[in-house]
Amino acid sequence: MQNNVLRAGIIGLGSISRVHVDALEKLESAEIRAVCDIDGEKLEKAVRETGAKAYSDWRELVNAGDVDIVHVLTPHYLHAPMSIYALGRGKHVLTEKPMATSTADALKMIEAADSSASTLNVIFQNRYNDSTQELKRIIDSGEAGRLIGARAVICWHRTSEYYAQADWRGKKATEGGALLINQCIHTLDLISYLCGPIKRVSGRVSTGLLKDAIECEDNAHAVFEFESGQTGVIFASNNFCVDAPVMLECVFENGVYQLWAEKLFRLVDGVPTLIARGSDAKELGVKSYWGAGHLAQIKDVYDCILTGRRFSIDGRSAFGALALIEAIYKSSETGAWEELVKPTGE
Ligand SMILES: NC(=O)c1ccc[n+]([C@@H]2O[C@H](COP(=O)([O-])OP(=O)(O)OC[C@H]3O[C@@H](n4cnc5c(N)ncnc54)[C@H](O)[C@@H]3O)[C@@H](O)[C@H]2O)c1
């Protein structure tokens with residue numbers, strides 16, 4: 001760390017890396033020192049664009065000694081081993097979602113962060129949308145009153161071509177699932193962030209239109225119970241004709257609130273009124289369904305590390321969404337209600 005600047009190393013130079021590079025280039029608190037990919041073409045392109053040092057071996061990047069924070073932007077199954085290795089060598093880690101493909105691996109990451117002087121941070125950029133923040137403020141202020149229930153509807157369009165672009169996708173061993181762990185995880189994270197922790201779930205997953213393209217689910221539905229005793233439902237599909245805006249409805253005793261992608265509405269007698277409009281992802285040149293929160297989250301992570309402030313989305317905070325997904329997969333197999341695994345030390 002030099003002059004209030006963190007030296008970043010990026011591992012994985014695929015589609016999401018552009019968003020991280022753009023954010024880091026905008027931050028005075030960041031300098032991209034090193035980039036790594038096993039794909040030589042992507043590596044060369046990133047070196048041309050950033051001027052950073054190239055690595056084809058991620059362990060060499062971690063051990064090189066001139067990087068303070070490692071961005072882990074690789075396929076899901078690599079998040080845990082790469083994060084644990086980097087934390088063990090005193091590097092801060094910012095990993096893309098999901099933090100791991102299983103709660104067992106996620107617990108090992110939390111343990112590695114607990115025994116390191118460095119921090120584990122997980123990307124859930126939608127928590128940083130202005131509309132999410134406004135709803136969080138309304139709920140935390142008590143003005144919404146008691147929670148009654150919640151529902152999420154996630155209908156996106158994923159084709160066999162999307163899965164053919166990267167061979168780790170759609171497979172249990174490398175993606176850890178499909179629809180729930182990749183596309184739905186952001187919304188499942190927001191449910192607990194806004195409405196409180198979830199205790200147990202009963203859910204089903206199935207593979208519909210993508211049966212010949214993927215090994216895991218492209219459709220899912222679930223009913224879940226919060227620790228507070230209230231319930232909620234989730235409907236999700238990757239078989240829709242377009243990437244529809246995700247809808248998360250939170251019903252409170254004093255009001256019904258709906259997040260539609262980056263916009264927040266309050267419903268009065270079923271009629272929606274816009275009360276917060278987040279940044280438009282498309283205007284920022286980011287895919288609309290990714291949202292526009294990466295810059296704000298990455299800035300927050302860097303500010304926290306540089307000032308010693310505790311970062312809010314650490315391993316324990318990110319754990320709940322993964323635990324919910326794992327419990328839905330398990331419930332789909334057993335046909336029973338399944339309790340969510342809890343992180344240790346809470
Ligand atoms: N937050 C979001 O909204 C968002 C959006 C898209 C992707 N993501 C996440 O970002 C991660 C990457 O997704 P993507 O779409 O960019 O995938 P991708 O397949 O486009 O890129 C992954 C990259 O990792 C590289 N890689 C694989 N093994 C490696 C290794 N051992 N060492 C170094 N590099 C290696 C691949 O060559 C590839 O370039 C995933 O976790 C995904 O869920 C998050």
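Q: Leaving aside neighbours within four places in sequence, which residues is I328 in contact with?
A: This is a predicted model, and the contacts of I328 are read from it once its neighbours within four places in sequence are left aside. The residues that then remain in contact with I328 are L180, V201, G203, V205, A220 and A222.

Q: Is S83 buried or exposed?
A: S83 has its place in helix α4, which covers residues 79-88. Because 29 other C-beta atoms lie within 10 Å of S83, and a residue counts as buried at 20 or more, S83 is buried.

Q: How many Å apart in space are S83 and T95, C-alpha to C-alpha?
A: Not counting residues up to four places away in sequence, S83 touches V72, V93, T95, M109 and L120. In sequence S83 and T95 are twelve residues apart, while in space, C-alpha to C-alpha, their separation is 7.3 Å.

Q: How many residues of the shell around the ligand are charged?
A: Of the 24 residues around the ligand, those that come nearest are G12, G14, I16, E96 and A166. The residues of this shell divide into twelve nonpolar and seven polar, and the charged ones number five.

Methods. Residues numbered from 1 in each chain as written. Predicted model: local features only at pLDDT ≥ 70, side-chain atom pairs only at ≥ 80, totals over all residues. Helix = DSSP H or I, 4+ residues; strand = E, 2+ residues; numbered from the N terminus. Buried ≥ 20, exposed ≤ 12 C-beta atoms within 10 Å, placed from the backbone. Contact = placed C-beta atoms within 7 Å. Near = placed C-beta within 6 Å. Nonpolar A, V, L, I, M, F, W, Y, C, P; charged D, E, K, R; others polar.
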